[in-house]
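Thanks, everyone. Let me put the model on the screen and walk through a few spots.

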Amino acid sequence: MNLPKRFSAGLIEKIGEQEFKAFENALDQTPPVSIRINPSKGKDLFPEEEKVPWCSFGRYLKKRPAFVWDPLYHAGAYYAQDASSMFFANAIDFSQDLKVLDLCAAPGGKSSLLLSNLSPDSLLVSNELVGKRAAILYENLVKWGGINNIITNNRVTDFDSFKGYFDIVMIDAPCSGEGMFRKDREAVEQWSEGLVNQCSMVQKEILTGAIDLVKEGGMLIYSTCTYENKENEDNIKWLYQSYGRKLEPADIQIEENWGIEEIEIETDNGHIQNGYYCFPHRLKGEGQFIAAMRVVQAPEFKYNGKGLGKTMKPLSKSESAAVSKFVKHVDANTLFSRNGDMIFAAPESLAKNMSLFIDKMYIKKAGTMVGKLIRDSLIPDHELVMDELASENMPRISLNLEQALDYMQRKNIDVPNDIPNGWIIFTYNGLDIGLAKNLGSRINNHYPAEWRIRKEPKLM
């Protein structure tokens with residue numbers, strides 16, 4: 001690989017010439033293939049594959065499969081993610097209920113890992129500023145499933161009314177992308193010192209807006225997929241220079257055999273802040289930098305909302321009756337509400353918190369959209385199925401691989417004659433994959449049109 005000379009010189013200064021040669025050799029090797037299992041949907045998948053040492057849900061595959069032609073992948077049973085990107089979760093204590101903000105969340109890898117670890121009464125807000133990336137985030141997180149998830153499409157400054165609210169703010173900052181050079185040759189071609197400087201400025205802007213969102217005693221986690229001091233160590237030093245009285249270092253426990261490098265960053269106020277580097281020649285993964293800081297001074301968040309807020313309304317008896325036909329038995333802690341003709345489900349413990357975001361932010365998802373209610377008749381939504389809330393009483397039809405891929409291409413699917421008219425759920429390998437409606441004379445395919453497989457599948 002022909003690396004930019006100035007990038008090479010900077011990394012040689014950082015890790016030494018001998019180790020840089022090992023780094024170069026690693027970039028010429030085939031990247032390892034890693035996935036992460038969804039414990040709710042795919043816990044029995046890949047039982048023989050090597051485990052990612054720092055993530056119990058992570059697996060290394062012997063070769064890269066054609067994910068696009070696996071219905072289980074589209075149904076959220078597992079997610080393709082670089083192993084290094086899974087490490088950040090080791091900074092978080094998941095034994096308690098948390099309010100978490102994933103500020104730069106697209107395409108959704110870190111948010112889906114958070115959802116797998118968070119308690120049912122924890123809240124995850126997954127935000128993405130860029131509209132097209134927010135659409136990808138929505139698709140990936142809906143497929144993964146999570147009734148305790150909100151997806152927003154906002155700037156960091158839009159969160160100003162949530163100062164002191166979050167236990168954890170995760171910033172996977174936009175960066176120069178050096179850690180992805182092995183997988184993305186375009187990143188090599190686009191690299192420049194100007195890009196590094198531009199990214200460093202943007203990162204500082206994000207950090208400035210994010211630090212006050214963390215409550216006292218909470219944690220700010222910063223990560224990039226680059227090796228640049230300007231985007232990593234220098235930004236941590238700048239953060240302490242600017243907000244040092246608010247911060248204390250937080251360590252992440254690592255094992256020596258993981259291959260993750262722990263570094264010390266000296267700050268102006270005498271703190272030693274640890275940072276953590278993943279290098280492709282030291283472990284089975286791509287480049288990543290992570291640092292975690294404890295916030296010791298923060299604004300106090302004051303809840304000013306009332307009930308379900310301005311937009312969410314409780315259901316009437318007739319509306320509840322219509323919805324109950326489609327929703328499996330859930331405990332009394334699940335609250336159903338409506339916004340116009342849209343019906344939503346959320347943990348009751350989080351409903352008031354969710355309403356704050358619904359009233360103030362650009363929302364892509366809030367809890368589970370159960371469906372659209374028209375004259376006391378519900379049109380169920382794909383989110384209902386992906387969040388595993390669909391009633392056990394809804395007829396289910398098991399599809400083979402070819403049929404499941406046809407369904408995800410939105411082709412016509414034949415069903416047995418004894419299936420009653422009305423809404424049905426298609427399954428594959430025991431997992432619900434989507435909705436259809438049996439009209440008697442034909443089947444209406446309700447797989448989301450914007451997510452359909454656009455190429456002709458090759459059977460695995």
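Pro314 has Ser337 in strand 15 as its bridge partner. Strand 14 and strand 15 (residues 334–339) are antiparallel, with two bridges between them. For pairing, DSSP must find at least two bridges between the strands. Helices here are DSSP runs (H or I, at least four residues), strands likewise (E, at least two), and both are numbered from the N terminus.

A word on the source. This is a predicted model: local features need pLDDT of at least 70, side-chain atom pairs count only at pLDDT 80 or more, and totals for chains, interfaces and linings use all residues. Residues are numbered from 1 along each chain as its sequence is written, and side-chain values use heavy atoms, leaving out hydrogens and water.

Next, the hairpin. Strand 11 (residues 261–266) and strand 12 (residues 272–278) pair antiparallel over six bridges. Five residues separate the two strands, and Gly270 in the turn has a positive phi of about 90 degrees.

Now charges. There are 17 salt bridges in the structure. The cut-off is a side-chain nitrogen of Lys or Arg within 4 Å of a carboxyl oxygen of Asp or Glu. Lys14 pairs with Glu233, closest N and O atoms 2.8 Å apart. That joins helix 1 (residues 5–15) to helix 8, 219 residues apart. Glu233 is buried at 11% relative accessible area, while Lys14 is partly exposed at 27%. Buried is under 20% relative accessible area, exposed over 50%, partly exposed in between (1.4 Å probe, protein chains only).

Arg282 and Glu19 also form a salt bridge, 2.2 Å from N to O. Arg282 sits in the loop between strand 12 and strand 13 (288–295) and Glu19 in helix 2 (residues 17–27), so the pair ties together parts 263 residues apart in sequence.

Which residue is buried yet has no salt bridge? Glu228. The nearest side chain of opposite charge is Lys230, 6.8 Å away. Opposite charge counts Lys and Arg as positive, Asp and Glu as negative; His and the chain ends are not counted.

Last, cysteines. The whole structure has zero disulfides (cysteine sulfur pairs within 2.5 Å).
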